[in-house]
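This report considers a protein structure through its sequence and its three-dimensional coordinates. Please examine both before reading on.

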Amino acid sequence: MGENGCVVADPFKGECYRHTSTLKVCDLSPENTECLMALFPYTKPRSLQEHSITIGTGDRLGLATPGHIRAIQKFQVRPVLAQQSVRENTQTGRTFAQVIQDAAWAVFQENYQGGYGADGDHLKSLQEVKNALDAGVSMVTLDLSEKLNLEAFQDPGEVIDRKFKEEIDEEDAKVLFHLFLNKEFPFKIPHGGFSIQLDEESLKRNVLLFHKAIDFTEEVYKFILSRSGGQAPIDFEISIDETPFPTSPENHLFFIIELNYRGIHIDSLAPRFIGEFQKGVDYRGNLSEFREQFYQHAIIAQDFGNYKISIHSGSDKFSVFPDIGEMAQKGLHLKTAGTSWLEAMRLIALMNPSLYREMHQFALSIFKEASKLYHVTVDLDRIPKIETVQDQELPSLLEQEDSRQLLHITYGYLLNAKDENGKNLFKDRLFHNLTQYEEDYWSLLEKHIEKHINALGLNPL
Ligand SMILES: [Zn+2]
């Protein structure tokens, strides 16, 4: 709104109305989003390399970001507000560009000028990296799970020797032996320390586990550098969290020394930690074992390039947050996503009990199929029968681990469910409620994300 001449001349596309001054009503279209970013540069995603603590708050529905901002702006932490994986976009029918647009307008609405990131999460091919960069991400998370040779730590010794000979070039092998054999890598920490040594067999196993993944990382790294041309830096994360076995400190050390040797710089690494980081529920495993290994990962990251340790499936891990926050003060990235979807379901349970009941029943009916896509341990028998639950008790189902996971892994099915006429079964009503009660949704999110940051022990501003 403004003086007629200015409003008509500005680059936003929309329809003008004249009263005492001129009003232009504009769509949140891709073109107008570009105008917004040009006019208010803080609405454009950017690198968060200089910030040691960052939190990824994936917003699957494109409605949650104001709640995320309201929590995060109270602390010395920066958000990656636009964060979706290819898998999530497939389930929700969105693109990286739409994800960034939704975040940009929310940033504008909240007048959040602290800077935020956009993460193309779990990218598995050069083409996916290209698509994400084209859309304007400021962060690439390269998922190496399909490039790792998972047999390398299972095959017997003689098979390892043979494969090493077959797969590894003789000159490369010499370099690897020189870098690692008969070397001790000591790490000093306040109360003692630890050291890592690789004997010939474990060196060969690590080489076979990682060598294709490292070649691929190099290819993608060079591509990103050639694309950014030294202009806006892209934050580069490597994820090896979706593997069937934990990443040992030895694996981590081998991998990072190899990357350093090839001149590849990363900004964060997501190992798979010991124990289980299942979606939307607390940590499962031995706490003291976790503490010990996590500390070693954090120290290796500090000593070999000062990159962040990235925690995937990081929501709701309240029993390990205090340790994580304390040990990774020099570099931490925590990713959450599905937990904000669960807050949407909590809002529905509070505001529209009958819709919640329908969605809950549907989730139960497709649970078996959905559980093939995720690693979760859900016991449906532990979920109270929905017919016996009073309306005012429905939100308590969002406190129960089995029903949390049930709703967590079925989000794609719930969003895509159609009736016999091809109309959305739930999606339209869900979005209608989330918009109608947006302030309530945002305050649920604010409270929930704030609880995470407090548990990490991060400093308020
Ligand atoms: Zn992950």
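## A buried metal ligand

D241 has a relative accessibility of 14%, so D241 counts as buried, because buried means under 20% relative accessible area. The model discussed here is predicted.

D241 is one of the residues that coordinate the zinc ion. The donors are the NE2 atom of H122, an OD atom of D241 and the ND1 atom of H312, at 2.0 to 2.3 Å. Along the sequence, these donor residues follow the spacing H-x118-D-x70-H. D241 belongs to the loop between strand 9 (235-239) and helix 10 (249-261), while H312 belongs to the loop between strand 11 and helix 12; the pair therefore ties together parts that are 71 residues apart in sequence. H312, with a relative accessibility of 7%, is likewise counted as buried.

The phi angle of S313 is near 50°, a positive value in a residue other than glycine.

D316 is also placed in the loop between strand 11 and helix 12. Its phi is near 65°, again positive in a residue other than glycine. At 6% relative accessibility, D316 counts as buried.

## Nonpolar cores

The largest nonpolar core consists of 96 residues. Those with the most contacts inside this core are V140, F236, F254, I266, F290, F294 and I324. Helix 9 (residues 200-228) supplies the largest share of the core, with 11 residues.

Leaving aside residues up to four places away in sequence, F294 touches F273, I309, I311, I324, M327 and A328. There is also a second, separate core of 38 residues, which includes L61, L342, A370 and L414.

## Helix 8 against helix 10

The axes of helix 8 (residues 170-180) and helix 10 come within 12 Å of each other and cross at roughly 120°. This angle makes helix 8 oblique to helix 10. The crossing of helix 8 past helix 10 is right-handed.

On the side of helix 8, the contact is made by V175, L176, L179 and F180. On the side of helix 10, the contact is made by F254, I257, E258 and Y261. F254 is also listed among the residues with the most contacts inside the largest nonpolar core.

Note on methods:
Residues numbered from 1 in each chain as written. Predicted model: local features only at pLDDT ≥ 70, side-chain atom pairs only at ≥ 80, totals over all residues. Heavy atoms only, no water. Helix = DSSP H or I, 4+ residues; strand = E, 2+ residues; numbered from the N terminus. Buried < 20%, exposed > 50% of the residue type's maximum accessible area, 1.4 Å probe, protein only. Core = buried A, V, L, I, M, F, W, Y, C linked by side-chain atoms within 4.5 Å. Contact = heavy atoms within 4.5 Å. Donors = N, O, S within 2.8 Å, 3.2 Å for Na, K, Ca; no water. Axes fitted to C-alpha atoms, helices over the stretch in contact; angles between N-to-C directions. Parallel < 35°, antiparallel > 145°, perpendicular 65-115°, else oblique. Left-handed = near helix turned anticlockwise from the far one by under 90°.
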